[in-house]
Amino acid sequence: MESLYLLIPLSLALVAFSAWLLHWSVKNGQYDDVNGPGQAILMDDDAPANSSESTKEASEPPK
Amino acid sequence: MKADIVGKVDNAMTDSPLNLHCYHCGSLVLPQDTYEADLAGVSRKFCCAGCMAIAQTIHGEGLEVFYARRAQSSDKPAAYLALNDIPENLLAYDDPSLLGRYTRQAGDEGLLETTLRLEKIRCAACVWLCEQHLRHIPGVVDVQINYVTQKVKVKFLSEKTSLARLLFEIERIGYEAWPFEPSLSLDKARKERRQLLTRLGVALLGMMQVMMYAWPSYVGEDSIPAEYDLLLGWTSWILTVPVMVYSAGPIFQSAWRSVQGFRQTHMLGMDVPIALALALAFLAGTINLLMGSGQSYFDSITMFVAFILAARYIELLARQDAQSGAEALAKQLPATCERVPDYPASQNIEVVPVVNCNPGEVLRVSPGEVIPADGVLIECESSLDESLLTGESKPIDKKIGDRVYAGTHNILNPLLMRIEAVGQSTRIAGIASLLDQALLAKPLMVSLAEKWAGYFVGFLLMSALLSSAIWLYIDPSKAWTVLVAVLVASCPCALSLAVPTAMAAAQGAVTKLGLLIVRGHVLEGLVKATDLVLDKTGTLTMGEPELTKIVNLRSGYREGDALALAAAMESGQRHPLALSLLRAAELQNITFPVLNHSIINELGKGLSAGPYRLGNAAWTGGLQDAKAGQYGQVHLADEQGLIASFIFLDTPRAGLKDLLVAAKARKIAVHLVSGDDPITVGWWAHEVGIESYQGGCTPEEKYDYIERLQKEGRFVWAIGDGVNDAPLLARADVSIAVGAGAPLASAGADAILTASSLAPLAKTLLLADKTQFIIKENLIWALVYNLVAIPAAMMGWVNPWVAGIGMSASSLAVTLNAWRLRKA
């Protein structure tokens, strides 16, 4: 049970750290647009131009 | 190998009718006027040079994945996009007076920052395309795009590129953008949002952690040694303090203000009992901790604060999404106009920002454009569509000397006007300010939940004080413990969750139906509504004529022939009836005959081309059928007399029947109030079965109509779409704006109908009933739970783990009950 004397301050430090992290991310605008980055990552196609035709085909089932 | 497969797929598509659609905008391509271009080795067909230019631009930058990802086909672009020159109306944005208004210095010399609002965005792929394309412009340093608000912040070097170039580049890929004047309120809104989010986050972290420390006492109360109990208690206390001070700070502040203002208002806000309960529980918890006996309540406190803030955060987001009247007004009017400085000596025009124009100056307005200022027509008679401003469904013929209003559409001829009022003194700005007034005057609705919560807290405080007084009489040492036990054993969680969870679930379901709720009280208001006030043009009807039948056909002519002839004459016209004829011809796949004569537009009569005349009854010698065709009739004739008559009817909005049936079933009185002429309004009221109606109303009269109903004690629900409906929507107890209508109307409304049908409203009515029922169930459950728990606490029977399990079960029951609404 003595471990509590270590674990509880540790958990407090963890909470303080997450509070700071939250403050930083809010101030940084991380929550201003929660949909966009998720969409953007699907859209961004970093493949070279000549292979983009094949990615397109993969995403578009032949009619 | 892959390229081969692609080729085969595309060859297969060439044979299918699918390939007759424009690659970019998806509209039908007529075989004789096809544009073709080779894109990534595949030949694509286009309907116009504009679409081809856009697709080439997109492919040229390697952004063609857009076509695979987009959810909806694009709009047809303007024709000038085929050229690579910035049009004059955009160049005016580089004028110092406008540039200074829309851009600001961003640090280094020559680095400017601007905020643009994107239009015609339909899906995430559109936003992505705009972002990528802007990044490719030389001179653009940084692009930040927000997918939710559809606003872009662009930093650019002023010597390499310009604001006009940015706007043009966005138009070149098929969208529209207009610079946005970032106001102070916008910054304030963002700050408010971020602050509340941080407060909520702190409360959630506190709740999570305190719950963890409280868990041992829930499950093994007797087996914890005293010193560990104390350690856990003080740790919880440390975590509760920031939640009380920082997260719940605004609650205490507003409660204090409400108490201070009690002398004037004689009303206590919702925050007073919340603040009181929080303060008492925290005080009691701290005292118990110091004494080393009794409950600490910190778990309840943090959870309570977290849930309240979560509900408030959701509400704040919805409220901030709504546009302000001023922002909507800016969208309604063009930013630039064509001025004729040397009138009447010369007709030369210069493109200038509207803000730089003064009364007395002469402007030219081309067909298809919006009139930028109020004034008088001085040359070239034309016809204006005033439906958004007045509700009048048919275009108005304007003669020289007639007044024209800012915000209306010129649809016939290029006209010249002399400005009488610009900016804030125009008629449309007047309506916008009436809207803001109306929002202030809107009667506050005391929500059911607040009323119940008020009773509940009153009852709670009374019983706590009473039991404590009784204990003071029996055993003074236990009085304090019982007071606090009663306050906390009562489950504030279930009560605070009862309404927000039901509302959140119902709003989710309603959004799926196609109704976007902006102000929170809509669902509750719908249940109380006694009167429904409908606008006609654009709400009850689509405001678009539809060719219903062709009559008086001369023998020897088929319907198709007459339609083809009429459509050929009307091609290129912007009159609603012309568009309707062309649409009908397109639907029947009619190819237009070639006319040997040029088409002459005779104002007030119709069109003539050689022997053929197409127009009103008196001019063509047709027979006006008084009963048929509320929207209008057009007759086609040649030298030998009438060939055919075309009968038009405004199309009623889909789902109207459902809405009226649902309203009737609930005994809601339906009113039709419109700015259109009284005969047309009367005809429509009769047609759809509405008994009380009023036509020819100005926006002020509409506003008065609602005010009169409200004075009679009626609870008014209004639906509208035009600028002239904006004050009415703002004044009504519950209002819904039709999404495709004027931005100003949406600014005044409580909810926006994003679906084009009215049927979702009928379903929303049912859902509102169900929501109200579930809220009542939840509140009753919370009450019953408390009626059991409070007497037990009064007697001193409740131990912490029982209270803990009871509290969780109670909250869970309420949440699950609310969840049922999502399926609707």
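B:W683 is partly exposed, at 23% relative accessible area (buried is under 20%, exposed over 50%, partly exposed in between; 1.4 Å probe, protein chains only). This is a predicted model, where local features need pLDDT of at least 70 and side-chain atom pairs count only at pLDDT 80 or more, while totals for chains, interfaces and linings use all residues. Residues are numbered from 1 along each chain as its sequence is written, chains are lettered from A and ligands numbered from 1 in written order, and side-chain values use heavy atoms, without hydrogens and water.

**View 1. Ring pairs.** Rings of Phe, Tyr and Trp (its six-membered ring) pair if their centres lie within 6.5 Å; planes under 30 degrees apart are stacked, over 60 edge-to-face, the rest tilted. That rule gives nine aromatic pairs over all chains. One of them is B:F282 with B:F298, tilted, with 5.9 Å between centres and 55° between planes. Both residues are buried. The rings of B:W683 and B:W684 are edge-to-face, because their planes sit at 85°, with centres 5.2 Å apart. B:W684 is buried, at 3% relative accessible area.

**View 2. A ring cluster.** Here B:Y23, B:F46, B:F66 and B:Y67 are linked into a cluster by ring pairs.

**View 3. A charge over a ring.** The charged end of B:R199 sits over the ring of B:Y246, 4.9 Å from its centre (NZ of Lys or CZ of Arg within 6 Å of the ring centre and within 35 degrees of the ring normal).
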